[in-house]
Amino acid sequence: MNLDYLWTGFAVALTWQNLLIGLVGCFLGTIIGALPAIGPINGIALLLPIAYTLGLPPESTMILLAAIYTGSEYGGRISSILLNVPGDAGAVMTALDGNPLARQGRAGEALMISGLSSFVGGIIGVVGLTLFAPFLASLAIGFGPAEYFVLMVFAFATLGSMVGSQPVKTLLGCVLGLMLATVGLDPTSGAYRFTFDSPELGDGIDFVVLVIGLFSISEAMLMLESHATGTSIVGKVGRTFVRWKDVVFTTGATLRGSIIGFVVGVLPGTGASVASAVSYTLEKRVSDRDGTFGKGDMRGLASPEAANNSCAAGAFVPMLTLGVPGSGTTAVMLGALMLYNIQPGPQLFAERPEIVGGLIASLYIGNVLLLLLNIPFVGIFSRLLLLPNWILVPGILVLSVVGVYSTHASVEAVLLMLGVGCIGWLLRKLGFDMAPIILGFVLGKVMEVNLRNALAISGGELGILFQSHISIILWVLAALVAVGPWALQLWSRRRRSRA
Amino acid sequence: MDANQRPFPGSLSNRIAALALLAFSLIYGFAGSRIDYAFSSDPLGPRVFPVLLAAVLGLLSLIYLFVPGRSESWPQGTVLMRCIALPALVLIAALLFEPIGFAGAMFVMTAGVGRIFGASWRASLIGGLVQAAFWYLVFGYLLDVYLPVGELFAASRRG
């Protein structure tokens, strides 16, 4: 197997600037993950415009954002364990067994074991990424426009059936995102679409404005209603040590969690929250013989933590090889690459090895740095949970305003961000998830262009969408993913009613 | 029984949203079908994809209308006032951004938002001052991001 891209990547990631950027990212990421209100997607949304304005080269921006992403998957466990409030969506399951452990005075051990399983999950995920991504890329080289279009359909089908409990709202979000992407100049015909003759809209809706509005402004407004900060830390962290017995006890759970996490991560659109939920449920079924899960079982802690870290790495596989993000957070990172005019896809491995390789190499380095940061300094991070909202939220808002203003140097952009934020808040109150909108937005142009190119090749014949083996397999997979969970539910309900 | 009267909490607001989305899909689809273009190098042209999306959105919002699902409860009283005050403060800060400069506008925003997040007047004013100064130093000097000084100050400097 040709791993040249990885060696190029290590040469990029090991320069002192990129090491420093990675370290800063890991540190910030852990904090972002630990703070209950904000997760990786908010952190990345906030820091992306600033990295872009500072003129960082694309590989350094990717290293920074990837470090924040990985770091927050580590940090999320801290507030789950200590506060019983998940630090981010991927750490919801961590609280189930982590917090009972903390209540038993074993917070220190819980933080250590979850830190270790995060590391193992992270490394297994990155190894999977290293090996699997070039393989998928070589497969995807054969994709034509028709295959790409069907791939997007598959991505939305997975999203609709796996993310959130309200599939209609998830799909509505995707379509809204796709619609937002149609605004602006249509390159094939030169037509201006939905611009209302405004020159600003000619280039389309700005990614930074959209992301910050949806993930930062609306988040700040939601935080007005949440009361879970800085007050109820369970005692002290206590002694931080790892018992060999616990490590052996949790090894199976960690390995299973890592593998599940990676697979879920590779599926388009499904992020850490799905990965940790699936792995916890499975681990409970496999290991919970004495009913100790949910009462402070180390395995119930190790499994979702390994899964969410492994998932973060897995989510890069479809993003880097197909240009289809594996999670909401990688959707924002895909948008970041587009800001640099880089369209991810199978050719990226050959054309820009410094970006792909640099990112993957930085994940290896980042996981080691994060283990080092998270084992001895976990006490410091846990003290940050005491940061009150009246300091945190104004800080988030300052970063939002600066981020948007600095990429556009216009107050109009800030006002637009505010408007988007208010709409985002309304939608979130109605039970909509923001990630599908972003996913639709970053995939919109590619989806339309590929559909039109496919039909241009076939001379308008729709049959081209069903011609190749790959397209047919993807259509079948999409149908299975869309209908499968419903059919399973129906089947199990019938069985239950019969029993 | 309350549960019988309201089988879906928040279903009314969800239905309103569904109607709004339905209306949006009609307007978007209509506008999409009338996009002006002279030529297109592909058989589909710039109109078909938007019209297709409008049709999908319309269909989904119809499903949404009849199966509205859950939503969170809406804020009331003081919390609602705060939910209005927060974007209002960001709006004020944005409008003040160029006239009085970054530091001043951020002071207004951070102090005000700190206050609605429950800080005392004293704490929010001090917090606002500290944050305005801190972020000004970070962005203006450390990271060298372009930020407006404020027309007022620029004018006085010139004078």
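Visitor: Where in chain B does UniProt place the feature "transmembrane region"?
Guide: The UniProt record, an unreviewed entry, puts that feature at residues 47-67 and 125-143 of chain B. Keep in mind that the model itself is predicted.

Visitor: Residues 47-67 of chain B, then: what percentage is helix, and what percentage strand?
Guide: That span is 95% helix and 0% strand. Its end C-alpha atoms are 30 Å apart.

Visitor: And how far apart are the end C-alpha atoms of residues 125-143 of chain B?
Guide: They are 26 Å apart. Residues 125-143 of chain B are 95% helix, with 0% strand.

Visitor: How is chain B divided into domains?
Guide: Domain 1 covers 12-66 and domain 2 covers 77-156. Taken over C-alpha atoms, the centres of domain 1 and domain 2 of chain B are 40 Å apart.

Visitor: Switching to chain A. How many helices and strands?
Guide: Chain A has 21 helices and two strands. Its radius of gyration is 22 Å, close to the 23 Å from the globule rule for 499 residues, so chain A is as compact as a globular protein of that length.

Visitor: What box do the C-alpha atoms of chain A fill?
Guide: Roughly 70 × 60 × 50 Å, along the principal axes.

Visitor: What share of chain A is buried?
Guide: Of its 499 residues, 64% count as buried.

Visitor: And the contacts in chain A, what share join residues at least 24 apart?
Guide: Counting contacts between residues at least 6 apart in sequence, 80% join residues at least 24 apart.

Conventions: Residues are numbered from 1 along each chain as its sequence is written. Chains are lettered from A and ligands numbered from 1 in the order in which they are written. This is a predicted model: local features need pLDDT of at least 70, side-chain atom pairs count only at pLDDT 80 or more; totals for chains, interfaces and linings use all residues. Domain bounds come from an automatic or database domain assignment. Helices (H or I, at least four residues) and strands (E, at least two) are DSSP runs, numbered from the N terminus. The radius of gyration is taken over C-alpha atoms; the globule rule is 2.2 Å times the number of residues to the power 0.38. A residue is buried if 20 or more other C-beta atoms lie within 10 Å of its own, exposed if 12 or fewer, and partly exposed in between; C-beta atoms are placed from the backbone. Two residues are in contact if their C-beta atoms, placed from the backbone, lie within 7 Å. UniProt positions are given in the numbering used here, feature names are shortened, and annotations may be inferred rather than shown by experiment.
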